[in-house]
Amino acid sequence: MTNWTASRIPPQRGRTAVVTGTGGLGYEDALALARAGAEVIVAGRNPKKGAEAIAAIHRDTPSARVRFEQLDLASLASVAAFADRLKSQIDSLDLLINNAGVMRPPQRMETADGFEIQFGTNYLGHFALTGHLLPQLRKGRNARVVTLSSIAARQGRIDFDDLQALRRYRSMPVYAQSKLACLMFAFELQRRSEAGGWGVDSLAAHPGLSQTQLLENAPGAGGRVPLPFRILRALMMQSPAQGALPTLFAATAREAKPGGYYGPGGLSETRGYPAPSRAPAPSLDKAACARLWDVSEDLTGVRFG
């Protein structure tokens, strides 16, 4: 595992993968998987960005089997429609990477279904997507689901009394809650897969501090990032390709363990090569994970198993 890079991805020919997100980490995930021979479906909200991502992957790897499908994780109807289209196109799915997200809109915003937009997009959208695709995943070969968390999850707290931040909205704590929820979902999915005999491995990953467009793309951010953050990013943050390595390790490496959590191994998990990550204490509370799962099924109307 020392200095694991994308060059060590096992051959992926014959495997089908769905990656959410068209830029940054999602693009790097899709590119690496396509290079390794997988059939990759890039799922995103913006068709123009999707087309650009597909064209860039084909320029790098002309033989790549990659295509774009529209998916808005901030709309449960869009999630269901995407899953229905996939069911008519593929019989099985081998890999799902729950990557896309939004980060820290300055004001509270809502998804099409009335959820706070970070909790609704980063977590509930991917919860629903995984549930809809579970039948295809169960037919996959050594199927894996990799869900993206963040080092921000260390500061996260699940406020069951105010999951949608209706009483008080502070962008960073709400973002941290959404990423803690993603991690708790990954762990609980593994437990339920084992108990139910679903045959699907669930893992989690985080990219450390990586240069992506997550802040620029935040709703209401206007594409402007404060100068101090831009300087800090240039000095401290690693490239998207480097930041994608923990996800790719979790998605493909034979050494990756079901129920595992992986991030960069250096400088307090902010940068470096993939290594086991330290899970924050709330994510290890099995009762809280089960409660969050039940609440999520009620909110989304999606049932697993």
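Predicted model: local features only at pLDDT ≥ 70, side-chain atom pairs only at ≥ 80, totals over all residues.

Residues are numbered from 1 along each chain as its sequence is written, and side-chain values use heavy atoms, with hydrogens and water left out.

**Helix α5**
- Helices here are DSSP runs of H or I with at least four residues, strands are runs of E with at least two, and both are numbered from the N terminus.
- Helix α5 covers residues 171-196, and its 26 residues should span 38 Å at 1.5 Å a residue (the expected span is 1.5 Å times one less than the number of residues).
- The end C-alpha atoms of α5 are 37 Å apart, which agrees with that expectation.
- Because 19 of its 26 residues are buried, α5 is largely enclosed by the rest of the structure (buried means under 20% relative accessible area, exposed over 50% and partly exposed in between, with a 1.4 Å probe and protein chains only).
- Just after α5 comes glycine 197, with a positive phi of about 65 degrees.

**α1 against α2**
- The axes of helix α1 (residues 24-35) and helix α2 (residues 47-60) come within 10 Å and cross at roughly 35 degrees (axes are lines fitted to C-alpha atoms, for helices over the stretch in contact, and angles run from 0 to 180 degrees between N-to-C directions).
- On the α1 side the contact uses Tyr27, Ala30, Leu31, Ala34 and Arg35, and on the α2 side Ala53, Ala56, Ile57 and Asp60 (contact means heavy atoms within 4.5 Å).

**Strands around β4**
- In strand β4 (residues 95-98), Leu95 and Ile97 point one way, Leu96 and Asn98 point the other way, and all are buried.
- Strand β1 (residues 16-20) pairs with β4 in the parallel sense over three bridges (pairing takes at least two DSSP bridges between two strands), and alanine 17 sits opposite leucine 95.
- β4 also runs parallel to β5, joined by four bridges, with isoleucine 97 opposite valine 146.

**Positive phi in loops**
- Asparagine 142 is not a glycine, yet its phi is positive at about 50 degrees; asparagine 142 lies in the loop between α4 (117-138) and β5 (144-148).
- Its 63% relative accessibility is why asparagine 142 counts as exposed.
- Serine 268, also not a glycine, has a positive phi of about 55 degrees and is found in the loop between β7 (261-266) and β8 (271-276).
- Serine 268 has 56% relative accessibility, so it counts as exposed.
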